[in-house]
Amino acid sequence: MPFTVRLSRVALGYRGGATLHTATSGVVAGLDELRLVLRHDGALAGLGASRVNIAYLTGIDPEQLVAEAIALCATIDWRSAPDAWVAAAENATAPVRMLVEMAARDAAARRAGVSLARQLGGTPAVSTPTNQTLFWCDEPTLRTRVENFVARGFTDLKLRVGIGPVAEDLHRLALVREIAGPDATLSVDANGTWSREQTLAFLSSARPQRLAYCEQPLPANDRAGLIELARATPTPVMLDESLDGPAAIAWLVASRAAPLAHLKLAKLGGLDRLVAAGRALQAAGIGVMVGQMNEGTPSTLAAAHAALALAAPWRELYGADGLVHDPAGLPAYAGGVLALPQGAGLGLADHSDDGPTLWETTT
């Protein structure tokens, strides 16, 4: 029976032409993703995914990632066990390793007939709570987005800040609180664009809004400033861009520089590395958020299974919400949760052959 491995590239967009806009990304019109689809006798046998238009995070040009993925796929012995695929990708850049490692974990879980969460050491679930993010936009659009999220049962909201003046961010935050109500959980993410002085001024003025946390207020490399800031404010500081690999995780475990950490597959390079990092941080008393880039269905579900494995109290899994189309299908978001398909591995039944084939083999 034939075993086929196909690497393709898909373009994904959001309903209504919605764009992503943060202080570091600028305006992003859509998602550019690689998909690694494994089939055994025609049936889906494994699936990996990775977004490539994230140079604002990785510093790597999308075409460089595509070329690396094609070259790596051509070197792997796909007749070997999934662990061997991961070993072959060990020195790949994080997004490319993520692609192969996800496919390997999904394939192994499918062969064992268990969910990815179970394979990672967690407890499966039919759904998981998630926050939603409020990207930079004008005030009427912001109001509409908050109203829509609340109407759909999503009241854990993160506001992107750091693009306009601090006073404008404070105004926008107060507007979100007014619309979302007193019981909503609110946070902000500056994507490393503030100074210590700006951060302290903002957090002091924002106390009436009762922020759950302030994410990455200072530049990623300002470790001394982050330690000082975390000690100076009662608002919990969450690190994201600072945690760009195993060495950064080890630094946070040793220093306990901040009380919260945001982990993503695209930064760490795979489910195995993310779960290992999460467990090390939790053992050090640091709270973990499992999140993602804005990504399609497979990566969103992979992050959700990792969150279940870690029993992470903070979860940012909104990335596939509002997509127009995904070759893997669209997950359901309602009532503040993401519904999880219940098959083995990622739970997905199939993946259409959308997008041009970049590389393919049959064994």
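Before you click: the model is predicted, so local features need pLDDT of at least 70 and side-chain atom pairs count only at pLDDT 80 or more, while totals for chains, interfaces and linings use all residues. Residues are numbered from 1 along each chain as its sequence is written, and side-chain values use heavy atoms, with hydrogens and water left out.

**Stop 1: the largest pocket**

Select Ala18, Arg145, Phe149, Asp321 and Gly322: of the 17 lining residues, these are the closest to the centre of the largest pocket. A pocket here is an open set of points on a 1 Å grid over the protein atoms alone, where a 1.4 Å probe fits, with protein on both sides within 12 Å along at least five of seven lines; lining residues have an atom within 4 Å of a point. Its volume is about 470 Å³, meaning the space filled by probe spheres set on the points, which are joined across faces, edges and corners.

Helices (H or I, at least four residues) and strands (E, at least two) are DSSP runs, numbered from the N terminus. Colour the lining by class and you get 7 nonpolar, 6 polar and 4 charged residues. Ala, Val, Leu, Ile, Met, Phe, Trp, Tyr, Cys and Pro count as nonpolar, Asp, Glu, Lys and Arg as charged, and the others, Gly among them, as polar.

**Stop 2: the second largest pocket**

This one has a volume of about 240 Å³. Pick Tyr56, Arg160, Asn191, Lys264 and Met293, the closest to its centre of 21 lining residues. The lining holds 6 nonpolar, 7 polar and 8 charged residues.

**Stop 3: two crossing helices**

Show α4 (94–112) and α12 (271–283): their axes come within 8 Å and cross at roughly 90°, which makes α4 roughly perpendicular to α12 (65 to 115 degrees). Axes are lines fitted to C-alpha atoms over the stretch in contact, with angles from 0 to 180 degrees between N-to-C directions.

For the contact (heavy atoms within 4.5 Å), display Arg97, Glu101, Met102 and Arg105 of α4 with Leu271, Asp272 and Arg273 of α12. By class, that is 2 nonpolar, no polar and 5 charged residues.

**Stop 4: a three-stranded sheet**

Finish on the open sheet ordered β6-β16-β15, with antiparallel pairing (strands pair if DSSP finds at least two bridges between them). β6 (127–129) and β15 (333–334) are the edges. β6 pairs with β16 (337–339) over 3 bridges; click threonine 128 and its bridge partner in β16, leucine 338.

Notes. Angles under 35 degrees count as roughly parallel, over 145 as roughly antiparallel, 65 to 115 as roughly perpendicular and the rest as oblique.
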